Amino acid sequence: MAAAGRALPSAGGSKWDIRERVWEHLEASGLADFPRPVRGRIPNFKGSSHAATRLLALQEFRAARTVKINPDAPQRNARFLTLEARKTLLVPTPRLRTGLFNRIVPPPGATKEMLRRCATSQGVRDYSVPVGLDGKAQVDLVVVGSVAVSEKGWRIGKGEGYADMEYAMMVSMGAVQEDTPVVTIVHDCQVLDIAEELLGDHDLTVDFILTPTRTIQTNCKRPKPQGIMWHKVSSEMLGKIPILKTLRCREKQAGKDVTLQDEHPALADTNRAAISDKKVMAANPQPWAAPVGEPPDPGNPKFEGSDTITTVYVGNLPGSLRVSQLKSALRELQVVPVALKWQGAQHRAFLEYRDQGAAHRAVASLQGLSLGGSALRVELARRNKGRGEIHSHK
């Protein structure tokens, strides 16, 4: 383990295990900063502003004209420093719903205080203009958030896959090159040893790590994503990210294979045996289930009363757990249900699967998993067909 990460336990286990340990340590040690709790987020930490000032000493930052920085709280000062240096600042749109980038445009003659405001999440909304695919954006430096990172450059995000997708889309539109440097800003305790086998071919690596105490050049030789891996994109993801449709059309016209994940039934079958800790963009063993975003509406009538549905009971959910965290864990473990019925007030949830094999895999994968500090209780649920109710067996 890296010297700066000694306050944390071993970084072994799955990506989700590592995330949980980092989030828990930041909160327990008093290092976590607003917004709280940091669990489920790219965590903000005390000292993030100071860590960002290390950008100023990087030749790669000084030479950059256009810098893309994620919109999370730990990178707020990095956004300010970029604006103060009169560089072009691009910030991804939230969940890529309305495009890829927004360019931050401060008012004419903006004071330092106004630039600080432009660097906040509200300022990003108030002082930005969208950059279309035809904007010919050329990004010279990429700054991303991380939950954990290794000195070798291996990166773990919060589990939703947006940073990886943003980078892949930038490659597709020609905005970044193979040698475009990638920087992350984290606390020292987030620098851990990470097993390379946890990385997928879609995972973004980093070239520089900035912490409150040091600047780490990773000299990472692992290739970065070479573009969008269409066979790992679902139809649902395509529907939720409009710019993906445009990029897919362009690449199809260029003669590239743009077959989607759920158009690859054979590929989906082979992925049933894949290791259980793939990120959001990994091919899903249930091709009808979306690897990104919301599970299908539990109230959708096509699932009601279906004899093919097998339900899994998940209990002992801590009161602080959010449904988004459970969804992230399901995606990571490749056991995304066709429907999720959340009953957080009762500390439980019900997962619906279209076949018993998928339900049994979910039970095996989730049993004993620690979420929010509590070990889950998981079992197949029994349905009271006469009353339409679902219960655990016990």
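The model is predicted, with local features requiring pLDDT of at least 70 and side-chain atom pairs counting only at pLDDT 80 or more, while totals for chains, interfaces and linings use all residues. Residues are numbered from 1 along each chain as its sequence is written, and side-chain values use heavy atoms, with hydrogens and water left out.

**Strands around S5**
- Strand S5 (residues 141-144) pairs with strand S8 (residues 182-185) in the parallel sense over three bridges, and two strands are taken to pair if DSSP finds at least two bridges between them.
- Strand S1 (residues 66-69) also runs parallel to S5, to which three bridges join it, and Val-67 stands opposite Leu-141.
- In a regular strand the side chains alternate between the two faces of the sheet.
- In S5, Leu-141 and Val-143 point one way, Val-142 and Val-144 point the other way, and all are buried, buried meaning under 20% relative accessible area with a 1.4 Å probe and protein chains only.

**Thr-82 in helix H4**
- Thr-82 lies in helix H4 (residues 76-84) and is buried, with a relative accessible area of 0%.
- Leaving out residues up to four places away in sequence, Thr-82 touches Phe-61, Val-67, Ile-69, Lys-87, Thr-88 and Leu-89, a contact being heavy atoms within 4.5 Å.

- Nine of the 11 residues of helix H7 (residues 162-172) are buried, including Tyr-162, Asp-164, Glu-166 and Tyr-167, and just after the helix Gly-174 takes a positive phi of about 80°.
- The axes of H7 and helix H9 (residues 242-253) come within 11 Å and cross at roughly 40°, the axes being lines fitted to C-alpha atoms over the stretch in contact, with angles from 0 to 180 degrees between N-to-C directions.
- The contact is made by Met-165, Met-169 and Ser-172 of H7 together with Ile-243, Leu-244, Leu-247 and Glu-251 of H9.

**Nonpolar cores**
- The largest nonpolar core has 68 residues, and those with the most contacts inside it are Val-312, Tyr-353 and Leu-366, a core being a set of buried Ala, Val, Leu, Ile, Met, Phe, Trp, Tyr and Cys residues joined through side-chain atoms within 4.5 Å.
- A second, separate core of 38 residues includes Leu-96, Tyr-167, Val-176 and Ile-216.

Technical notes:
Buried means under 20% relative accessible area, exposed over 50%, partly exposed in between (1.4 Å probe, protein chains only). Helices (H or I, at least four residues) and strands (E, at least two) are DSSP runs, numbered from the N terminus.
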